[in-house]
Amino acid sequence: MPTPTATSPPSPTEPRSNLLGDANCDGSLRAADLTALVMAVATNDGGACGADADASGVVDEADLAATVSLLYGAAGDATEPE
Ligand SMILES: [Ca+2]
C-alpha cells in the first residue's frame, strides 16, 4: 500500500485552504486562527492561507479585526465604538 508523503487534502475540491481568516491552514475558522494571525502579524512573516482576512494584499493589524469579525460576526454584540 503506498504511503502518502504529505497529508491528504480533506476534500478533492479543496486542495488547500483558501478560507478567509484561516491563518493556520487547517481548513476551518476557529480561535486558533486568531493566534496564528497574531503571530504572523507580530513576526511580519506575511501569513499563510487565509491570513489576509480582509483581502487587502497585506497581513497586518486590520486582518486581526477582520478575523474577529469572521469568527464572531461583524454585527455581534461586542461591536467596537465608532
Ligand atoms: Ca489584509
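Trainee: Which residues of helix 2 are buried?

Mentor: Asp63, Ala66, Thr67 and Leu70. They span an arc of only 100 degrees around the axis, so they sit on the same side of helix 2. Keep in mind that this is a predicted model.

Trainee: What do the buried residues of helix 2 pack against?

Mentor: Helix 1, residues 31–43.

Trainee: And how does the length of helix 2 compare with what 1.5 Å a residue should give?

Mentor: It agrees. Helix 2 has 12 residues, 61–72, which should span 16 Å, and its end C-alpha atoms are 17 Å apart.

Trainee: What comes just after helix 2?

Mentor: Glycine 73, with a positive phi of about 95 degrees.

Trainee: Switching to helix 1. How many residues does it have, and what is its reach?

Mentor: Helix 1 has 13 residues. From first C-alpha to last it reaches 19 Å, close to the 18 Å expected at 1.5 Å a residue.

Trainee: Take alanine 40. What does it touch, leaving out residues up to four places away in sequence?

Mentor: Ala23, Asp45, Gly46, Gly47, Ala51 and Val59.

Trainee: Is asparagine 44 buried or exposed?

Mentor: Exposed, because asparagine 44 has 9 C-beta neighbours inside 10 Å, and the cut-off for exposed is 12 or fewer.

Trainee: What about phi at cysteine 25?

Mentor: Near 60 degrees, again positive in a residue other than glycine. Cysteine 25 sits in the segment before helix 1. Cysteine 25 is partly exposed, with 16 other C-beta atoms within 10 Å.

Trainee: Where is serine 28, then?

Mentor: In the segment before helix 1. Serine 28 is exposed, with 12 other C-beta atoms within 10 Å. The C-alpha atoms of serine 28 and asparagine 18 are 9.8 Å apart, and the two residues are 10 apart along the chain.

Trainee: Zooming out, how many helices and strands does the protein have?

Mentor: It has 2 helices and 0 strands. Of its 82 residues, 27% count as buried. Among contacts with a separation of 6 or more, 43% come from residues 24 or more positions apart.

Trainee: What is the mean pLDDT?

Mentor: The mean is 81, and 70% of the residues reach 70 or more.

Trainee: Where does pLDDT stay under 50?

Mentor: Over residues 11–15. The model has 2 contacts beyond four places in sequence for that stretch.

Terms used. Residues numbered from 1 in each chain as written. Predicted model: local features only at pLDDT ≥ 70, side-chain atom pairs only at ≥ 80, totals over all residues. Helix = DSSP H or I, 4+ residues; strand = E, 2+ residues; numbered from the N terminus. Expected span 1.5 Å × (residues − 1). Buried ≥ 20, exposed ≤ 12 C-beta atoms within 10 Å, placed from the backbone. Arc of directions from axis to C-beta. Contact = placed C-beta atoms within 7 Å. pLDDT = per-residue confidence, 0-100.
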